[in-house]
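Here are my notes on the model you sent over. Have it open while you read, and go through the points in order.

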Amino acid sequence: MIVLPDHHHAEAKRKAARQGVSLSEYIRRLVARDLGTDAPATDPSVIFGLFDGGGSRIADGKQAMISEAIDRQFEAKGI
């Protein structure tokens, strides 16, 4: 157990909330940074919204795509 003065605890809790992590995770990251180790990224939301999700219809044409890929491989080998 770690005991902090009330004002430190309150400010750390506010800062953790602004970063979207728990107080425990916030403190783990501080300790890891101070010790020179990298804290693992545990928040999967950091990758949300990186890719355009519109328009992909792979499931609708997967058989045709697989056939085309196989045909190209055979053509490349002269078969």
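This is a predicted model: local features need pLDDT of at least 70, side-chain atom pairs count only at pLDDT 80 or more; totals for chains, interfaces and linings use all residues.

What follows is a set of numbered points, going from the whole chain down to single residues.

1. Ground rules. Residues are numbered from 1 along each chain as its sequence is written, and side-chain values use heavy atoms, with hydrogens and water left out.

2. Overall make-up. The protein chain has 3 helices and 0 strands, and reads α-α-α along the sequence. Helices here are DSSP runs of H or I with at least four residues, strands are runs of E with at least two, and both are numbered from the N terminus.

3. Burial and surface. Of the 79 residues in the protein chain, 8% count as buried. The cut-offs are under 20% relative accessible area for buried, over 50% for exposed, and partly exposed in between (1.4 Å probe, protein chains only). The accessible surface of the protein chain is about 7,100 Å², with 58% of that belonging to carbon and sulfur atoms. Areas come from the Shrake-Rupley method with a 1.4 Å probe, and for residues only the protein chains shown count as cover.

4. Helix α2, geometry. Residues 23-35 make up α2, 13 residues in total, and the helix reaches 18 Å from its first C-alpha to its last, close to the 18 Å expected at 1.5 Å a residue. The expected span is 1.5 Å times one less than the number of residues. After α2 comes G36, with a positive phi near 80°.

5. Which residues of α2 are buried? They are E25, Y26 and A32. They sit on the same side of α2, because they cover an arc of only 130° around the axis; the arc is taken from the directions from the helix axis to the C-beta atoms. The buried residues of α2 pack against α1 (6-19), where contact means heavy atoms within 4.5 Å. On the face turned away from that buried side, α2 carries the exposed residues D34 and L35.

6. The whole structure has 4 salt bridges, each defined as a side-chain nitrogen of Lys or Arg within 4 Å of a carboxyl oxygen of Asp or Glu. Side chains of opposite charge can pair when their charged atoms come close. E25 is worth a look, as it turns up in two of the pairs listed here. R28 bridges to E25 with the closest N and O atoms 3.2 Å apart; these two residues are 3 apart in α2, about one turn of the helix. R29 also forms a salt bridge with E25, at 2.9 Å between the closest N and O atoms, and that pair is 4 residues apart in α2, again about one turn.

7. E11 and R14 meet through their side chains in a salt bridge of 2.9 Å, N to O. The two are separated by about one helical turn, because they are 3 residues apart in helix α1. E11 counts as partly exposed at 35% relative accessibility, and R14 is partly exposed too, with a relative accessible area of 44%.

8. K15 and Y26. K15 is found in helix α1 and counts as partly exposed, at 37% relative accessibility. How far apart are the C-alpha atoms of K15 and Y26? They are separated by 8.2 Å, with the two residues 11 apart along the chain.

9. The 15 residues of α3 should span 21 Å at 1.5 Å a residue, and the end C-alpha atoms are 21 Å apart, which agrees. Just after α3, G78 takes a positive phi of about 75°. I66, I70, F74 and I79 form a nonpolar patch on the surface, with about 400 Å² of accessible area together. Patches are made of residues with over 30% relative accessible area and no salt bridge, joining like charges within 9 Å and nonpolar side chains (Val, Leu, Ile, Met, Phe, Trp, Tyr) within 5 Å.
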